[in-house]
Amino acid sequence: MAAASWGASPLPSGMTEFRLWAPAAREVTVALEHGTVPMRALRHGVFVLRTKAAAGDGYRFRIDGEDVPDPAARAQLGDVHGPSLVVDQDSYQWIHQGWRGRPWHEAVICEIHVGCMGGFEAATRELPLLREAGYTAIELMPVGEFPGRRNWGYDGVLPYAPEASYGTPDQLKALVDAAHGLGMMVLLDVVYNHLGPSGNALPRYAPSFFRPDTPTPWGPAIDFRHARVREFFVENALMWLRDYRFDGLRLDAVHTIHPASFLYDIATRIRNGVASNRHVHLLLENERNDPRLLEQAYTAQWNDDGHNALHALLTGEREGYYAHFARRPLEQTMRMLAEGFVYQGQRDQHGRRRGRPSDGLPPEAFVLFLQNHDQIGNRPLGDRLITLIPRERWRAAMALVALCPMVPMFFMGDEWACDTPFFYFTDYHGVLASQVREGRRNEFAAFSGFSDPGRRALIPDPNARATFEASWPRGGDTAAASAMRRWFRRLIDMRMQHLVPAIHGCHALGCALLGGRALVARWRLADGASWSLAFNVGASTLRYKPGPYAVRIHLEAAQPGLLEDELPPDSLAAWHEPPP
């Protein structure tokens with residue numbers, strides 16, 4: 001293993017090289033089990049040491065007399081405040097050595113929280129059920145080390161170390177390995193826009209890691225103007241892709257990363273740093289709706305606009321960010337299906353312009369979903385969509401996502417109609433716990449259902465263990481859940497049979513109002529065939545047939561005995577028309 005720019009790298013000689021960037025430090029030593037060894041100061045705040053240390057050995061950096069964990073620790077003993085561990089990334093024996101990934105257009109994604117599944121080993125045991133449901137990929141919420149034993153993962157402070165409460169690095173590799181054996185890709189959420197509020201020691205010895213002149217919702221922004229800072233995150237991305245063999249990364253909230261040139265740089269380094277015969281996919285969350293990143297560097301973007309428009313259409317909700325989609329949700333859903341982004345330079349409800357034109361991008365540049373961890377967990381009571389709308393409408397919306405040429409993503413349990421909540425949860429203590437609890441409740445003071453303080457007091461405490469445990473998906477072992485899995489699998493099989501073989505290179509032919517609260521969207525597939533979806537959430541039965549040679553592939557509707565061209569309320573129909 002070659003030495004990295006950050007952290008502890010075991011060498012073939014039996015030595016380990018330790019590297020740290022600590023520009024504000026006067027003296028740095030490595031505290032090992034057999035004693036403390038001083039590090040040599042190089043230029044520009046870099047400290048280095050080669051000394052005898054083996055995989056599994058614990059260590060800490062002692063900076064000007066204060067012990068801190070390695071910010072690039074590959075594992076921790078216990079928690080962020082415990083010793084860091086030397087890890088030999090080459091020791092795991094991969095079973096599925098020949099895996100090279102899958103093309104992006106074959107992706108059907110399930111987003112999962114490893115902690116709510118019981119850790120890496122428990123999640124590995126669930127993989128066959130996920131594959132049986134039709135998923136070809138799973139996307140893990142962040143697994144970097146965070147304080148405590150419960151967290152969404154977006155408050156991580158040691159992004160190189162898999163969370164110890166989930167399992168060991170080798171157990172995470174075994175999860176990825178097992179998924180590959182089932183033909184499934186594994187994607188990972190990574191957080192490069194901030195570090196969590198507890199356990200982050202970097203400001204003490206590397207204050208220039210951050211820039212106080214650029215605030216973010218989580219504190220001062222990370223300063224990507226520094227080469228050492230950029231390298232910290234580039235090496236992190238390459239570690240997940242090379243050492244753990246993840247098939248792709250989803251970069252969280254990149255609109256808070258400045259300068260944006262880093263996003264192009266890291267994508268280029270990744271493309272050049274992994275084997276050219278692998279399928280590696282790079283995804284974005286980006287409120288700026290900037291199609292240039294997708295045209296030049298990234299595979300796809302989470303389509304938050306698509307979710308928001310669909311949610312407003314399905315539920316009628318108008319508060320929070322749904323206010324930007326509440327006036328014309330059907331029109332905005334139509335625009336999303338035809339062009340990708342809803343906001344392509346228009347002004348939102350606050351008068352701000354957002355986005356750029358995206359109609360030149362292919363559908364597979366967008367990940368479409370009805371819900372994800374944010375849109376469930378950031379509700380006061382963690383409600384899933386299935387508890388907010390009639391079951392028939394939910395099924396029709398699920399079918400829309402599954403049969404749309406955009407890449408579909410579902411949240412864990414969607415495949416069997418899970419209705420348990422998914423809350424925001426943490427494991428903080430003392431003053432920070434109080435701040436998080438009260439801040440969480442006060443976020444919803446402007447919402448009509450929670451303007452009363454007594455009502456807000458019912459919002460679960462994020463730090464309570466019960467809040468975490470209530471978020472575990474339950475009910476997946478019933479006969480009803482099995483029946484729903486079969487229903488879901490039939491949808492995915494239809495996608496794989498009729499859509500996926502000709503989806504790469506397809507383009508939208510437009511989306512039109514069918515009448516009332518119904519739409520029809522059409523795409524030209526790569527083989528010249530056309531694909532049509534008609535979606536009705538209105539109160540009246542409508543009629544639609546795309547052409548004389550079109551064959552209806554699927555009708556998702558509660559009413560039996562319908563004619564070929566009838567589209568009842570809360571339904572979705574899909575047609576395939578061969579090339580002319």
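## Helix packing and salt bridges in a predicted model

The axes of helix α1 (residues 120-133) and helix α14 (residues 479-499) cross at roughly 55° and come within 8 Å. The two helices, α1 and α14, are therefore oblique to each other. On the α1 side, the contact is made by Leu129, Arg131, Glu132 and Ala133, while α14 brings Arg485, Phe488, Arg489 and Ile492. Sorted by class, this contact of α1 with α14 holds four nonpolar and four charged residues, with no polar ones. Please keep in mind as you look around that this is a predicted model.

A second pair of helices is worth a visit. Helix α7 (residues 304-315) packs against helix α8 (residues 329-339) at an angle of about 145°, and their axes are 8 Å apart. The crossing of α7 and α8 is left-handed. From α7, the residues in contact are Gly306, Ala309, Leu310, Ala312 and Leu313; they meet Pro329, Leu330, Gln332, Thr333 and Met336 of α8. What classes of residue make up the contact of α7 with α8? Seven are nonpolar, three are polar and none is charged.

### Salt bridges

How many salt bridges does a search of the whole structure find? The search gives 30. Here are three of them, with the N to O distance for each pair.

| Salt bridge | N to O distance |
|---|---|
| Aspartate 213 with arginine 211 | 3.2 Å |
| Aspartate 290 with arginine 292 | 2.9 Å |
| Arginine 441 with glutamate 438 | 4.0 Å |

Let us take these pairs in turn. For the next pair, aspartate 290 is buried, with a relative accessible area of 12%, and arginine 292 counts as partly exposed at 34%.

The last pair sits within a helix. Arginine 441 and glutamate 438 are three residues apart in helix α11 (residues 430-442), so about one helical turn separates them. Arginine 441 is buried, with a relative accessible area of 14%, while glutamate 438 is partly exposed at 37%. Elsewhere, salt bridges that share partners link Asp189, Arg250, Asp252 and Glu285 into one network.

### Two residues to look up

Aspartate 252, a member of that network, is found in the loop between β17 (248-251) and α5 (261-273). Is aspartate 252 buried or exposed? Its relative accessibility is 6%, so aspartate 252 counts as buried, the cut-off being under 20%. Leaving out neighbours within four places in sequence, aspartate 252 is in contact with Tyr154, Val190, Val191, Asn193 and Glu285.

Proline 220 takes us to a strand, namely β16 (residues 219-222). With a relative accessible area of 47%, proline 220 is partly exposed. Which residues does proline 220 touch, not counting those up to four places away in sequence? They are Phe210, Arg211, Pro212 and Thr214. Arg211 in that list is the partner of aspartate 213 in the salt bridge from the table. Between proline 220 and asparagine 236 there are 21 Å in space, C-alpha to C-alpha, and the two residues are 16 residues apart in sequence.

Conventions:
Residues numbered from 1 in each chain as written. Predicted model: local features only at pLDDT ≥ 70, side-chain atom pairs only at ≥ 80, totals over all residues. Heavy atoms only, no water. Salt bridge = Lys/Arg side-chain N within 4 Å of Asp/Glu carboxyl O. Buried < 20%, exposed > 50% of the residue type's maximum accessible area, 1.4 Å probe, protein only. Helix = DSSP H or I, 4+ residues; strand = E, 2+ residues; numbered from the N terminus. Axes fitted to C-alpha atoms, helices over the stretch in contact; angles between N-to-C directions. Left-handed = near helix turned anticlockwise from the far one by under 90°. Contact = heavy atoms within 4.5 Å. Nonpolar A, V, L, I, M, F, W, Y, C, P; charged D, E, K, R; others polar. Parallel < 35°, antiparallel > 145°, perpendicular 65-115°, else oblique.
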